[in-house]
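The exercises below go with the structure shown next. Each one sets a task and then works through a solution.

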Amino acid sequence: MTAAGHSDHSSSQAGKHGPPSRRSGRRGEEAGAESGYSSEVARQVGEATVALSERLRDPGVAHSVEEIEKVMRGFSLTVEGMSGGLSGVTEWLRAAGHVGPLSGHASVMSERLSHIGKELSRLADAIEQAQQRAS
């Protein structure tokens with residue numbers, strides 16, 4: 001690890017993202033239609049996650065073991081997607097000149113999210129195996 005807490009291992013997303021390209025031929029309203037898309041999708045994912053967490057915490061809502069296993073797989077997919085996205089943000093920050101603590105912190109968070117996604121996948125596998133043994 002470096003002083004900023006960033007490991008020397010680069011993610012599989014490294015180098016695949018950069019600041020927005022200026023090569024696009026679209027201008028004006030068409031180009032403006034894409035502005036904010038990423039933040040809007042992130043907001044929707046966040047709101048959906050909050051709604052799901054409230055549902056999962058509600059003791060009055062019945063869930064099957066199979067459904068919980070699928071929820072864990074969905075959580076894993078979501079967190080892995082967040083990790084990949086944050087890796088892209090890290091590369092964008094670096095390309096935009098934000099090298100140092102900001103991009104280092106984003107990189108560390110990407111790695112942590114990747115680890116969490118893998119752990120969620122392992123949990124889903126364990127739930128699936130427990131369900132098969134119980135059947």
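This is a predicted model. With a salt bridge taken as a side-chain nitrogen of Lys or Arg within 4 Å of a carboxyl oxygen of Asp or Glu, the count comes to eight salt bridges.

**Exercise 1.** Find the salt-bridge partner of Glu128 and state which helices the pair links.

*Solution.* Step one: Glu128 pairs with Arg73, and their closest N and O atoms are 3.1 Å apart. Step two: Glu128 is in helix H4 (residues 101-134) and Arg73 in helix H3, so the pair, 55 residues apart, links distant parts of the chain. Step three: Glu128 and Arg73 also belong to a network of salt bridges with Glu69 and Asp125.

**Exercise 2.** Decide whether Glu91 and Arg94 are buried or partly exposed.

*Solution.* Step one: the two side chains meet in a salt bridge (3.2 Å, N to O). Both residues lie in helix H3, three residues apart, about one turn of the helix. Step two: buried means under 20% relative accessible area. Step three: Glu91 has 17% relative accessibility, so Glu91 counts as buried. Arg94, with a relative accessible area of 28%, is partly exposed.

**Exercise 3.** Work out how H2 and H3 are oriented to each other.

*Solution.* Step one: H2 and helix H3 (residues 65-95) pack at an angle of about 155 degrees, with their axes 13 Å apart. Step two: angles over 145 degrees count as roughly antiparallel. Step three: H2 and H3 are therefore roughly antiparallel to each other. The crossing of H2 past H3 is left-handed.

Key: Residues are numbered from 1 along each chain as its sequence is written. This is a predicted model: local features need pLDDT of at least 70, side-chain atom pairs count only at pLDDT 80 or more; totals for chains, interfaces and linings use all residues. Side-chain values use heavy atoms; hydrogens and water are left out. Axes are lines fitted to C-alpha atoms, for helices over the stretch in contact, and angles run from 0 to 180 degrees between N-to-C directions. Helices (H or I, at least four residues) and strands (E, at least two) are DSSP runs, numbered from the N terminus. Angles under 35 degrees count as roughly parallel, over 145 as roughly antiparallel, 65 to 115 as roughly perpendicular and the rest as oblique. A crossing is left-handed if the near helix is turned anticlockwise from the far one by less than a right angle, and right-handed if clockwise. Buried means under 20% relative accessible area, exposed over 50%, partly exposed in between (1.4 Å probe, protein chains only).
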